[in-house]
Amino acid sequence: MITSELRAQMEPPFLLPGVAATYSSNLETTGINARVYYGIDHTYCFGPEISYFRKSHEDNEVSLFEANANLHYIIDLNKGLGFYPLTGINYTIETKIENQGFEEEKFSENSFGLNIGAGFHYTVGRILFFTEYKYVISTLEDHFFTAGALLNFSLAKKGGSKQHN
């Protein structure tokens, strides 16, 4: 269960913007992830996120952009530690640029898909550290491993009003 101190710090609704490092098993490279989650209550949060990867080889370059909208179901384990299964939708654009002498060829592939996965988070004050695994089911399927931090901004209205003289 969440302690009363932690509940006060994460009074719903809340907004959680953050950044992370993310690893693509297909590209075998690390990219950057940015996300903003909206916490409805202490059990559900959802939001958009984007990730970008780029990998260069001798004669070619591959980049991957993905946009996601995910829902987390949060299970409190112990004093700030939580586990969450996740599900959502995905849109991926993979671009390959091949250099062939004096010519350059560009290939792009787009795909819609579904996300499934799970993660853990740990809250320290207003910072929420997380690590998660996500599998994208699509024609551009991939496995992603992500670790990062979010900052909690409670959107709850404070009780009582103060009068100014």
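# Chatting through strands, cores and salt bridges

Me: Which sense do strands S3 and S4 pair in, and over how many bridges?
Reply: Strand S3 (residues 44-56) pairs with strand S4 (residues 60-73) in the antiparallel sense, over 13 bridges. Keep in mind that this is a predicted model.

Me: OK, what joins S3 to S4?
Reply: A hairpin does that, going through three residues.

Me: Which residue is the bridge partner of tyrosine 52?
Reply: In S4, tyrosine 52 has phenylalanine 65 as its bridge partner. Phenylalanine 65 also stands opposite isoleucine 93, which is in S6.

Me: Next up, glutamate 66. Is glutamate 66 buried or exposed?
Reply: Glutamate 66 is in strand S4, and it's buried, because its relative accessible area is 0% and the cut-off for buried is under 20%.

Me: What do the side chains of glutamate 66 and asparagine 90 do?
Reply: Those two side chains are joined by a polar contact of 2.8 Å. The side chain of glutamate 66 also has a polar contact of 3.4 Å with that of asparagine 68. Not counting residues up to four places away in sequence, glutamate 66 touches several others, including Ile50, Tyr91, Lys134 and Phe144.

Me: Switching to salt bridges. How many does a search of the whole structure find?
Reply: Six. One of them has the side chains of glutamate 132 and arginine 35 meeting at 3.1 Å, N to O. Glutamate 132 lies in strand S8 and arginine 35 in strand S2, so this pair ties together parts that are 97 residues apart in sequence.

Me: Are glutamate 132 and arginine 35 buried or exposed?
Reply: Glutamate 132 counts as buried because its relative accessibility is 4%. Arginine 35 is buried too, with a relative accessible area of 3%.

Me: And which residue does lysine 134 form a salt bridge with?
Reply: Glutamate 49, with the closest N and O atoms 3.9 Å apart. Lysine 134 lies in strand S8 and glutamate 49 in strand S3, so the pair ties together parts that are 85 residues apart in sequence. Both lysine 134 and glutamate 49 are buried.

Me: Which residues are linked in a network of salt bridges?
Reply: Arg35, Glu49, Glu66, Glu132 and Lys134. In general, side chains of opposite charge can pair when their charged atoms come close.

Me: What about glutamate 61 and arginine 54, what do their side chains form?
Reply: They meet in a salt bridge at 3.1 Å, N to O. Glutamate 61 counts as partly exposed because its relative accessibility is 23%, and arginine 54 is partly exposed at 48%.

Me: New topic: how many residues does the largest nonpolar core have?
Reply: It has 11 residues, among them Phe14, Leu16, Tyr37, Cys45 and Leu150. S1, S6 and strand S8 (127-137) each supply at least two residues of this core, and S1 gives the most, with three. In soluble globular proteins, nonpolar side chains tend to be buried together.

Me: Last one: where is lysine 79 found?
Reply: Lysine 79 is in the loop between strand S5 (75-78) and S6. Lysine 79 counts as exposed because its relative accessibility is 58%, and it has a positive phi of about 40° although it is not a glycine. Glutamate 28, in the loop between strand S1 (14-24) and strand S2 (29-39), has a positive phi near 55°.

Conventions: Residues numbered from 1 in each chain as written. Predicted model: local features only at pLDDT ≥ 70, side-chain atom pairs only at ≥ 80, totals over all residues. Heavy atoms only, no water. Pairing = 2+ DSSP bridges. Helix = DSSP H or I, 4+ residues; strand = E, 2+ residues; numbered from the N terminus. Buried < 20%, exposed > 50% of the residue type's maximum accessible area, 1.4 Å probe, protein only. Polar contact = N/O pair within 3.5 Å; in protein donor to acceptor, adjacent residues only side chain to side chain. Contact = heavy atoms within 4.5 Å. Core = buried A, V, L, I, M, F, W, Y, C linked by side-chain atoms within 4.5 Å. Salt bridge = Lys/Arg side-chain N within 4 Å of Asp/Glu carboxyl O.
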